[in-house]
Amino acid sequence: MSTESTTGLELKDSMYGFVASKPQLTYTENGDPRLYFKAGQRHRHYDPETGWQNLPSTFHDVVAFKGAAQFGIQNLREKDRFIAQGSLREYTNKHTGEREEQFEATRLLPVTAQSKNTAGRTPRRAVEREAYSQDTASQEASQGEQIKRRVPQFQPAGSSPHQHAAPHIGL
């Protein structure tokens, strides 16, 4: 179900799960790409007395068309986690004649934190360390400039600001 707010914000249903079967790309009668795969959802329940309990996983049909189908076949593999935006739709299965439901995804997004689809990405901790080291380096440079700009407040008698004292090495 898609809804639109008075400000123009478009909201759709979404689902989070893992790709439970190999994604299959076919084409519609019009020649449009169609992606199909089974999605799994793990379920858990919290019991205050026993803690978290794993419940049986459920499996659902996911279908995507056109651009979403092309993106999905290029970026999703079996066991990858994903988020899909779209809507739940009922249809009649041509083989069984029964009413079934499937999630029709208009957008698919691999969840790369746990997905095998992480090529070319820098781990988050490395990015945080790099940002920290850049901040530290800029602070040290700033402190160094402040030290260079300091003018000594006291000059001993007979010394000139242009005289250089021998460095003191603490041994």
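**Entry 1: Gln102**

I started at Gln102 and listed its contacts, leaving out residues up to four places away in sequence: Arg34, Asp61, Val63, Ser87, Leu88, Arg89 and Tyr91. Contact here means heavy atoms within 4.5 Å. Gln102 sits in strand β8. Is Gln102 buried or exposed? Gln102 counts as buried, at 4% relative accessibility. For the cut-offs, buried is under 20% relative accessible area, exposed is over 50%, and partly exposed lies in between (1.4 Å probe, protein chains only).

I noted the ground rules before going on. This is a predicted model, in which local features need pLDDT of at least 70 and side-chain atom pairs count only at pLDDT 80 or more, while totals for chains, interfaces and linings use all residues. Residues are numbered from 1 along each chain as its sequence is written, and side-chain values use heavy atoms, with hydrogens and water left out.

**Entry 2: overall layout**

I looked up the secondary structure next. The protein has 2 helices and 8 strands. Their order along the sequence is β-β-β-β-β-β-α-β-β-α. Helices (H or I, at least four residues) and strands (E, at least two) are DSSP runs, numbered from the N terminus.

I then checked the totals. Of the 171 residues, 20% are buried. The accessible surface is about 13,700 Å², and carbon and sulfur atoms hold 51% of that. These areas come from the Shrake-Rupley method with a 1.4 Å probe; for residues, only the protein chains shown count as cover. Among contacts between residues at least 6 apart in sequence, 53% join residues at least 24 apart.

**Entry 3: salt bridges**

How many salt bridges does the structure hold? I found 4. The criterion is a side-chain nitrogen of Lys or Arg within 4 Å of a carboxyl oxygen of Asp or Glu.

I looked at Arg89 and Glu104, whose closest N and O atoms are 2.9 Å apart. This pair links distant parts of the chain, with Arg89 in strand β7 (residues 81-92) and Glu104 in strand β8 (residues 99-110), 15 residues apart. Arg89 is partly exposed at 32% relative accessible area. Glu104 is also partly exposed, at 23%.

Arg99 and Glu90 form another bridge, at 3.4 Å between the closest N and O atoms. Both Arg99 and Glu90 are exposed.

Glu10 and Lys12 meet through their side chains, at 3.4 Å from N to O. Glu10 is partly exposed, with 43% relative accessible area. Lys12 is partly exposed at 26%.

**Entry 4: helix α1**

Which residues of helix α1 (residues 66-75) are buried? I listed Ala68, Ala69, Gly72 and Asn75. Down the axis of α1, these buried residues fall within an arc of 150°, so they line one face of the helix. The arc is taken from the directions from the helix axis to the C-beta atoms. An α-helix has 3.6 residues a turn, so residues three or four places apart point the same way. The buried residues of α1 pack against β4 (24-27), β5 (33-47), β6 (51-65) and β8.

I followed up Phe37. Leaving out residues up to four places away in sequence, Phe37 touches Val19, Ser21, Pro23, His60, Asp61, Val62, Leu76 and Phe82.
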